[in-house]
Amino acid sequence: MVENVKELLKAHEGLTREVYLDIENSSAVPKEVIDAMLPYYDQLAYGNPTLTHKPGWEAFETIMESTQKIAKFLGCGTLEEVNFTPGETEADNLALMGTAFSMKDQGKKIVISEIEPINVLHVADMLKKYGFTTTKIPVDGEGFINLEKLRESIDNETVLVSLSTVNHEIGTIQRIKEALQIVKDKNPRTIFHTDASDAYGKIQFNVKDLGVDLATVSSYKILGPRGMGALYVKEGVNVEKILEGQIGTQKLWPGVENTPLIVGFSKASELAFQNFNENVNHMRVLRDKLIDGIFQTVPEIRLNGPKGGKRVPDNVNISFLKCEGEALTIELSLKGVYVSSGSACTRRVLQPSHVLVAIGRKFDEAHGSLLMKVTRYHTEEDINYVLGVIPKAVERIRGITGSTGVE
Amino acid sequence: MIVSRMPLPYNPKVLELFRNPKNLGKMEDATVTAVAGNPLCGDMITFYLKINDQDIIEKASFESYGCAANIATSSIVTEMIRGMKLENAWKISWKSVAEAVGGLPSIKFHCGVLAVGALHRAIRKYYKNKGVSPNWLPQESTFEEKQALEEEELAKMLEKRVKAAEEK
């Protein structure tokens, strides 16, 4: 099997340009971030931060300084509110399970939306085993949560609401403050969690201004290293830990702290917030150039998610009709453009992206979708290259489709 | 059940057929055409066969809405059956199709199954149109035909479910 992959890689030889737009699923780490991390592997702070020797104290100092920076960017009140976890998957698991377990005597109802990431959806489903029920709030055609349905769904038994600030697939910026108000008006004891992995570093996001109880942030989604994330837990909110083991500086996650990754996350945050407006404008310009360019050259397509200011600056998601997504991602890869698709083709479950289905896309529209995210490192030339490649790729795959499936 | 998500290590043969599919396109003078699958499920195949009066497939072509494996297996089937008597083409199994493309990742087996399902349908349709029923042609649907039908039924069910949700 590895032999096959080697052949596949060989088929990519001779590319003149490569543009990676699959930030949703992983990303390259910028040199500046790697440089910031490297000394912490072998030069300093490689000790356990809870132990009484120099490398241990260095680690403690390093972790606290990194925490301080991230706490400031998030708008936290105290450093204890930042809890590092090995990623946003773990932070979401901690938020949902940890809250459910600590609140189990007050009620068994959880409310999420139909378009939450799998990290939230599957945990909520899993909690059924422990007697919890989950209500999934529907969204409109652009991915905005039905706030009226949200209001109706909250009662005295509701212990937790989890709604993403920005949808990870279609970039919808939710009215989180309004949603939070609705929830707290009906039940002040309900804990409000938001997965802010796609908001942090990309839109104005401040936990104190918003007033949320819990918020998930992710390192790799802001071009930090993978394997690092954090859960903001507002002072006074009780979340139970979900793993047992040796607790160190992180009271909600046992195990030895990964100091280099924490440093990397903090450095990536610094870079995202340094010249924040400039970075975000750059992304927005490239996002719109990509969307407009594709719309000008490729017929029979649909933009998934809202336009303009209601859409996160980095997200592009387009459905190409009569064009199967997996085939399209391979065709684009062979031309040096790396993207992902909401197609179900890699699974036998025959279900394409649940987010696209929830906003009313037909299955074949969802199978033909591409998800792309731009960063501050992408250039106009990169986007021009992508815009040169996409129309030809779509045309070739549509040529294979021919009249199949056209009624 | 715990399932890991594997990458798709398509082999060079699949990649080659994906990049340069053989016998691609609609055939205007086809004796018979048949489809299998549904775009709602993300894969669908159309076969066009030109059959002479000795029941030999003179040429075959395809169109496919689907992934690289779907394209490759459809294309290879049209290669395999050219010049074949229908009785022999009928005997091609999805496993031999998978072998002919150098093997498929297990989650892509259904692409081979769908291609053979479409071929069986084309052969049945041909004899039905002709009003002949050769003794080697079984009355009962083959495994591949059943699988194709099952996928299409599933697509209909999904479509109904989506429509019901829209009306809610």
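**View 1. Surroundings of A:Ile294 in the predicted model**. A:Ile294 touches A:Ile301, A:Ile318, A:Phe320, A:Met372, A:Leu387 and A:Ile390, where contact means heavy atoms within 4.5 Å and residues up to four places away in sequence are not counted. This is a predicted model, in which local features need pLDDT of at least 70 and side-chain atom pairs count only at pLDDT 80 or more, while totals for chains, interfaces and linings use all residues. Residues are numbered from 1 along each chain as its sequence is written, chains are lettered from A in the order in which they are written, and side-chain values use heavy atoms, with hydrogens and water left out.

**View 2. The largest nonpolar core**. A nonpolar core is a set of buried Ala, Val, Leu, Ile, Met, Phe, Trp, Tyr and Cys residues joined through side-chain atoms within 4.5 Å; buried means under 20% relative accessible area, exposed over 50%, and partly exposed in between (1.4 Å probe, protein chains only). The largest such core has 83 residues, and A:Leu290, A:Ile294 and A:Phe320 have the most contacts inside it. Helix 5 (residues 109–130) of chain B supplies the largest share, 11 residues; helices are DSSP runs of H or I with at least four residues, numbered from the N terminus.

**View 3. The interface of chains A and B**. Here 33 residues of chain A are in contact with 37 residues of chain B. One salt bridge is counted between the two chains (a side-chain nitrogen of Lys or Arg within 4 Å of a carboxyl oxygen of Asp or Glu). The side chains of A:Glu326 and B:Lys108 meet in a salt bridge at 2.8 Å, N to O.

Definitions and conventions. Helix = DSSP H or I, 4+ residues; strand = E, 2+ residues; numbered from the N terminus.
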